[in-house]
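Visitor: I am new to this structure. Please show me how to read it.

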Amino acid sequence: MENSPDARRAPDAPAIEVRGLHKSFGALEVLSGIDLSVAYGEVVCVIGPSGSGKSTLLRCVNLLEAPTSGTVRVAGDEVTDPDVDIDRVRRGIGMVFQSFNLFPHLTALENLTLPQRRVLGRDKAEAARIGRERLARVGLTDKEAVYPAKLSGGQQQRVAIARALAMDPRLMLFDEPTSALDPELVGDVLAVMRSLADEGMTMLVVTHEMGFAREVADRVVFMDGGVVVEQGPPDRVIGSPAHARTRSFLARLLDPAARGVRSGPPAA
């Protein structure tokens, strides 16, 4: 069987296609019939309150969580097919988590080279060359020999993005990539994500950064209670939402006093 994702998908197939997706943890249904497609080159931002199923949706896309029912296709491969080669499919998906998940005993560059060598079979020199290129891509050329503990949270997250990019992904998944950062460190991470979007990277982003979503997203999806409540262009969904649930969420998100806190984003 041909292993190339390009050879396996129809020219007009979406990069991500989710149909009838349900996910339960015991008696708790977290996703209740999600339908969602992401086209190649599209940036889709998923917003919504804590517990709405956003992160679970993202984790179902690359089968970090196994759906209870429904189908998920990535680049034409059905990842929910029991016979799918999920390791091969995952090689085309970059994922950046809330936590940075860097190896603490490895330098920034070593965090990039190890996955390349073990998963892609690149030799040491090629992996190092690509690793340095990706670190430069996120503005961390001077940090290649530094261990994670000596990096700021924003720098660690940029190393995590560079690590994902070093694997040459076809698309990127971001799960609240700035939620663990101090406010002054958020900008550098969002700048890297903006540049990826400008270059045409396909991105599915779970975020609470409304400014980023409004500026960068092609489409915003609002989730609540495990369902997609509404979706559309950022100016409509964020600027003039059609549903009362969306309006209520945005009012609380954008008005700290309404949340009973002084500052900061809501819980992921």
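**A guided reading**

Guide: Start with asparagine 111, which sits in helix α4 (residues 108-120). Helices (H or I, at least four residues) and strands (E, at least two) are DSSP runs, numbered from the N terminus. This is a predicted model: local features need pLDDT of at least 70, side-chain atom pairs count only at pLDDT 80 or more, and totals for chains, interfaces and linings use all residues. Residues are numbered from 1 along each chain as its sequence is written, and side-chain values use heavy atoms, with hydrogens and water left out.

Visitor: Is asparagine 111 buried or exposed?

Guide: Buried means under 20% relative accessible area, exposed over 50%, partly exposed in between (1.4 Å probe, protein chains only). Asparagine 111 has a relative accessible area of 0%, so it is buried.

Visitor: Which residues is asparagine 111 in contact with, beyond its neighbours within four places in sequence?

Guide: Contact means heavy atoms within 4.5 Å. Beyond those neighbours, asparagine 111 touches Leu102, Phe103, Leu106, Pro148 and Arg163. A polar atom of its side chain lies 3.2 Å from the backbone oxygen of leucine 106.

Visitor: How do I read the sheet?

Guide: Strands of a sheet pair through backbone hydrogen bonds, either parallel or antiparallel. Two strands pair if DSSP finds at least two bridges between them. Here an open sheet of four strands runs in the order β2-β1-β4-β5, with antiparallel pairing. Its edge strands, β2 (28-38) and β5 (77-78), each pair on one side only.

Visitor: How many bridges join β1 to β2?

Guide: Eight bridges join β1 (residues 16-25) to β2. Serine 24 stands opposite glutamate 29 in β2.

Visitor: How do I find empty space?

Guide: Rolling a probe the size of a water molecule over the atoms shows where empty space is left. On a 1 Å grid over the protein atoms alone, a pocket is an open set of points where a 1.4 Å probe fits, with protein on both sides within 12 Å along at least five of seven lines; lining residues have an atom within 4 Å of a point. The largest pocket is lined by 21 residues, with Ile93, Pro115, Val119, Arg163 and Met167 nearest its centre. Elements giving two or more residues to this lining are α3 (86-90), β6 (93-96), α4 and α6 (153-165).

Visitor: What about phi?

Guide: Most residues other than glycine have a negative phi. Leucine 63 has a positive phi, near 65°. Leucine 63 is in the loop between α2 and β4. Asparagine 101 also has a positive phi, near 55°, and lies in the loop between β6 and α4.

How values were computed:
Polar contact = N/O pair within 3.5 Å; in protein donor to acceptor, adjacent residues only side chain to side chain.
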